[in-house]
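Please look over the sequence and the structure before reading on.

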Amino acid sequence: MAFNISGTLLLVRFESTPHVVHLFSFPSPGDSVKEGTTLVPQLRSVLIHTQSVVKATWNPVRKGSLALCCSGGGLYLWSDEWVGEGDDGDSDEVAECVGVPAREYFGSSGLETHAHRSTEEFETRDLKWSPDGKGIALLDRDVFCCAFE
């Protein structure tokens with residue numbers, strides 16, 4: 001479970017459904033509420049993956065930006081900041097998969113940069129946003145790479 005920076009979105013991953021991320025929206029503290037009305041969260045989005053989600057984290061600066069990984073060669077992004085071509089100017093949600101082009105090269109003595117014997121696809125196992133929210137460090141077992149939106 002994790003709230004976004006503004007506390008208006010909650011990410012939930014249940015152990016019984018590790019492939020699924022639920023995003024709930026909460027009324028912001030400044031929203032006007034009729035007296036006697038209960039503030040109830042609403043299910044906003046459900047992100048379904050083919051592998052178990054191993055890490056999900058909100059952008060530390062932008063309230064509607066989420067990154068997650070599933071121990072594969074991809075980085076998954078969700079945002080509610082996408083603005084479509086319509087005239088209304090409202091933002092919509094978008095989810096996308098970004099392939100990680102990095103590879104690990106192994107030789108006879110372990111991890112090497114040349115004299116390659118074999119390669120393995122980079123498996124994103126963890127991720128960390130940069131403090132300014134513009135970049136992400138993607139971590140595999142022994143190596144990392146950097147990504148920028």
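## The largest pocket

The largest pocket holds about 160 Å³ of space. It is lined by 14 residues, and those closest to its centre are Leu75, Leu77, Val98, Ala147 and Phe148. The elements that each give two or more residues to this lining are β7 (74–83), β8 (91–99), β13 (135–139) and β14 (144–148). With four residues, β14 gives the most.

By residue class, the lining of the largest pocket consists of 11 nonpolar residues, one polar residue and two charged residues. The model is a predicted one.

## Salt bridges

Side chains of opposite charge can pair when their charged atoms come close. In this model the count of salt bridges is eight.

## Arginine 13 and glutamate 15

Arginine 13 and glutamate 15 form a salt bridge, with 3.4 Å between the closest N and O atoms. The two partners fall into separate accessibility classes. Glutamate 15 has a relative accessibility of 65% and counts as exposed, because exposed means over 50%. Arginine 13, at 29%, counts as partly exposed.

Arginine 44 and glutamate 93 meet through their side chains in a salt bridge, at 2.6 Å from N to O. Arginine 44 belongs to strand β4 (residues 42–48) and glutamate 93 to strand β8, so this pair ties together parts of the chain that are 49 residues apart in sequence. Strand β8 is also one of the elements that give two or more residues to the lining of the largest pocket.

## Lysine 55 and aspartate 126

Which residue forms a salt bridge with lysine 55? The partner is aspartate 126, and the closest N and O atoms of the two are 3.8 Å apart. This pair links distant parts of the chain: lysine 55 lies in strand β5 (residues 55–58) and aspartate 126 in strand β12 (residues 126–129), 71 residues apart.

Lysine 55 has a relative accessible area of 26% and is partly exposed.

Methods
Residues numbered from 1 in each chain as written. Predicted model: local features only at pLDDT ≥ 70, side-chain atom pairs only at ≥ 80, totals over all residues. Heavy atoms only, no water. 1 Å grid on protein atoms, 1.4 Å probe; cavity = no way out; pocket = protein on both sides within 12 Å on 5 of 7 lines; lining within 4 Å. Points joined across faces, edges and corners; volume = space filled by probe spheres on them. Nonpolar A, V, L, I, M, F, W, Y, C, P; charged D, E, K, R; others polar. Salt bridge = Lys/Arg side-chain N within 4 Å of Asp/Glu carboxyl O. Buried < 20%, exposed > 50% of the residue type's maximum accessible area, 1.4 Å probe, protein only.
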